Amino acid sequence: MAGNFTLTFRPPGSMKPATPAIGPTLRYFDLFPTRIWQASLAALAPHLQPWVAAVLAMRAAHPQPAGRTNRHGWNSEDMAVLEQAAFAPLQQAIRAACTSALGEMGVRDVPFQLQSWVNLHDRGGFNFLHVHEGSLLSGCFYLSVPAGAGKLVFRDPRPGVIHGFLKGAVPNGYSDIRLAPETGLLVLFPCWMEHFVEPHDNDEPRISISFNAIAG
């Protein structure tokens, strides 16, 4: 079946007689890795304050949040924020990053569009656990990350491991991964990766632009 692979645990003829007092030499194989990508878009730093001002103007013009997974904050009804002329440099950078990441995933020469929206948290704001179903790739770019900003948390994608005895960052243990956001940081991840955002603890809002690469 396409996508399957076979592990060779030992070369033929490599077995030696066991020594009774010594245990076997173990070779380990880390299976089912999940890759995410990060990049600091330092070259876009001069745009950050104008973009934050543009986001706050969007909120003032349409103060009702779209809802979805965002609570105690605001997110845009507009799902094509990166199409606005002011965000053209960011759209270009995100498209290039997605193209590179998709190439690593074996997805080449597949046209895609960027679905994009603002995600803003006031004090206490968060996003509950969700996925971005049906996308080629998902991600976010952080416009403003004050002290106390909620972390982006990736849920361990192995459904069975939650029932295991081991917890924490040990082999075969259950452990969520917390990513500390930074202003100017771009993060890409598989659309099926369950994730949520922890509560924000600052009166200055935490602002990001979330996006999906959609085939077509």
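This is a tour of side-chain contacts in one predicted model, stop by stop.

Residues are numbered from 1 along each chain as its sequence is written, and side-chain values use heavy atoms, with hydrogens and water left out. Because the model is predicted, local features need pLDDT of at least 70 and side-chain atom pairs count only at pLDDT 80 or more, while totals for chains, interfaces and linings use all residues.

**Aromatic rings**

A pair of aromatic rings is described by the distance of the centres and the angle of the planes. Rings of Phe, Tyr and Trp (its six-membered ring) pair here if their centres lie within 6.5 Å; planes under 30 degrees apart are stacked, over 60 edge-to-face, and the rest tilted. The structure holds three aromatic pairs.

Select Trp51 and Phe141. Their ring centres are 6.5 Å apart and their planes stand at 80 degrees, so this pair is edge-to-face. Trp51 sits in helix α1 (residues 45-61) and Phe141 in strand β4 (residues 137-144), so the pair links distant parts of the chain, 90 residues apart. Helices (H or I, at least four residues) and strands (E, at least two) are DSSP runs, numbered from the N terminus. Are Trp51 and Phe141 buried or exposed? Both Trp51 and Phe141 are buried; the term means under 20% relative accessible area, with exposed over 50% and partly exposed in between (1.4 Å probe, protein chains only).

Next, select Phe154 and Phe189. This aromatic pair is edge-to-face, with 5.2 Å centre to centre and 65 degrees between the planes. Phe154 belongs to strand β5 (residues 152-154) and Phe189 to strand β7 (residues 185-189), so the pair ties together parts that are 35 residues apart in sequence. Phe154 is buried at a relative accessible area of 4%, and Phe189 is buried at 2%.

**A charge over a ring**

Go to Arg95 and Phe112. Arg95 lies over the face of Phe112, 4.3 Å from the ring centre. The rule asks for NZ of Lys or CZ of Arg within 6 Å of the ring centre and within 35 degrees of the ring normal.

**Salt bridges**

How many salt bridges are there? The count comes to seven, where a salt bridge is a side-chain nitrogen of Lys or Arg within 4 Å of a carboxyl oxygen of Asp or Glu.

Select Arg35 and Glu104, whose side chains meet in a salt bridge (2.7 Å, N to O). Arg35 is in the segment before β1 (37-40) and Glu104 in helix α2 (residues 88-104), 69 residues apart. Glu104 is partly exposed, at 46% relative accessibility.

Move to Asp203 and Arg123, another salt bridge (2.8 Å, N to O). Asp203 lies in the loop between β8 (195-197) and β9 (206-215), and Arg123 lies in strand β3 (residues 112-130), so the pair ties together parts that are 80 residues apart in sequence. Asp203 is exposed at 61%, whereas Arg123 is partly exposed at 44%.

Then select Arg158 and Asp156, which meet in a salt bridge (2.8 Å, N to O). Arg158 is partly exposed, at 31% relative accessibility, but Asp156 is buried, at 10%.

**A surface patch**

Finally, select Phe165, Leu166 and Val170, which make a nonpolar surface patch of about 330 Å². Patches are made of residues with over 30% relative accessible area and no salt bridge; like charges are joined within 9 Å, and nonpolar side chains (Val, Leu, Ile, Met, Phe, Trp, Tyr) within 5 Å. Accessible areas come from the Shrake-Rupley method with a 1.4 Å probe; for residues, only the protein chains shown count as cover. Val170 lies in the loop between β5 and β6 (177-179) and is partly exposed at 41%.
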